[in-house]
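Please consult the sequence and the model together while reading.

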Amino acid sequence: MAAKYEEIYQSLLNRIEQEEFPVGETIPKEFDLMEEYACSRDTIRKALQLLSQNGYIQKTKRKGSVVLDRTRYEFPVSGVISFKELASTMHGSVETIVTCCELIKPDEKMKVRMNLSDKDKLWMIERVRKIDGESIILDLDFLNATIVPGITKEIAEHSLYDYIEKELNLKIGYANKEITCQKVSENDKRLLDLKEYDMVVNVDSYTYLTDTRIFQFTRSRHRPDKFRFNDFARRTNTFS
């Protein structure tokens, strides 16, 4: 049999999910909940603590317990997947806006990153990803123009990976990724709908063909409230 605070937690959770308590609004105060559920303050606090731990509410000194927006989109860390493929799993409207698509000379840092020679050039492509009208991802891609020639704005708007795999007949193999939290940049502020957030989730990806040639470096900036990064891990056998 569930403890009283667990029953209250489930009841409040159901009411949040049914939007009796909408996102951004507060749930009733502790005293009111004590009367409604005929229980002690300690029991109510345990239920609220569970809601807070699971990301449904945020306790504030001024407002009380505010209902949080838990709409997040899955972003598979271990997979190599295009935004077009990811967008097919999402609900609502999805739009890609290309803000830059040009051929550049790599600097010394990028030469090292992508194993480039002095003769190589890069495609620099900046794209804003809008979901349900909000700009919440900023992608900056650098692609080796010797390996991936002929990129246009239209290709970047549609899908780089479709072009690489279906038009150029190249086989994308694997990627190394690094995920960090970073302060927002001026460019983030200019292009993203950041609301009150002053941090973004930054994902740096180094992507290789099956023949082990690196062809792409991507820096992807995400508004933190909208994305959940997931992976699958298995413990390997140890013999110590």
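The sections below proceed from the whole chain to individual elements and side chains.

## Basis of the model

The model is predicted: local features require a pLDDT of at least 70, side-chain atom pairs are counted only at pLDDT 80 or more, and totals for chains, interfaces and linings use all residues. Residue numbers start from 1 along each chain as its sequence is written, and side-chain values use heavy atoms, with hydrogens and water left out.

## Overall architecture

The protein chain contains eight helices and 10 strands. These elements are DSSP runs, numbered from the N terminus: helices are H or I runs of at least four residues, and strands are E runs of at least two. Of its 240 residues, 40% count as buried. Buried denotes a relative accessible area under 20%, exposed over 50%, and partly exposed in between, with a 1.4 Å probe and protein chains only.

The chain exposes about 14,500 Å², and carbon and sulfur atoms supply 48% of this area. Accessible areas come from the Shrake-Rupley method with a 1.4 Å probe; for residues, only the protein chains shown count as cover. Among contacts with a separation of 6 or more, residues 24 or more positions apart account for 60%. A contact means heavy atoms within 4.5 Å.

Helix 2 spans residues 30–37, and its residues Leu33, Met34 and Tyr37 are buried. They lie on the same side of helix 2 because they cover an arc of only 105° around the axis; the arc is that of the directions from the helix axis to the C-beta atoms. An α-helix has 3.6 residues a turn, so residues three or four places apart point the same way. The buried residues of helix 2 pack against helix 1 (4–17) and helix 3 (41–53).

After helix 2 comes Ala38, with a positive phi near 50°.

## Salt bridges

A salt bridge is defined as a side-chain nitrogen of Lys or Arg within 4 Å of a carboxyl oxygen of Asp or Glu. The count comes to 18 salt bridges by this rule. In one of them, Asp118 and Lys111 meet with an N to O distance of 2.8 Å. Asp118 is exposed at 63% relative accessible area, whereas Lys111 is buried at 15%.

Asp141 and Arg127 form another salt bridge, also at 2.8 Å from N to O. This pair links strand 6 (residues 134–144), which holds Asp141, to strand 5 (residues 122–131), which holds Arg127, across 14 residues. Asp141 and Arg127 are both buried. Elsewhere, salt bridges with shared partners join Glu134, Lys195, Arg223 and Asp225 into one network.

## Strand 8 and its partners

Strand 8 (residues 199–209) is largely enclosed by the rest of the structure, because nine of its 11 residues are buried. Strand 8 pairs with strand 7 (residues 172–183) in the antiparallel sense over 11 bridges, and with strand 9 (residues 214–222), also antiparallel, over eight bridges. Two strands are taken to pair if DSSP finds at least two bridges between them.

Asp204 of strand 8 is the bridge partner of Glu178 and stands opposite Arg219 in strand 9. Strands 8 and 9 form a hairpin with four residues between them, and Thr212 in the turn has a positive phi of about 75°.

## Asn144 and the cysteines

Asn144 belongs to strand 6 and is buried, with a relative accessible area of 6%. Leaving aside neighbours within four places in sequence, Asn144 is in contact with Met114, Leu116, Asp120, Lys121, Leu122 and Phe215.

The structure holds zero disulfides, a disulfide being a pair of cysteine sulfur atoms within 2.5 Å. The sulfur of Cys101 has its closest cysteine sulfur in Cys100, 7.1 Å away and too far for a bond. Cys101 is partly exposed at 26% relative accessible area, while Cys39 counts as buried at 16% relative accessibility.
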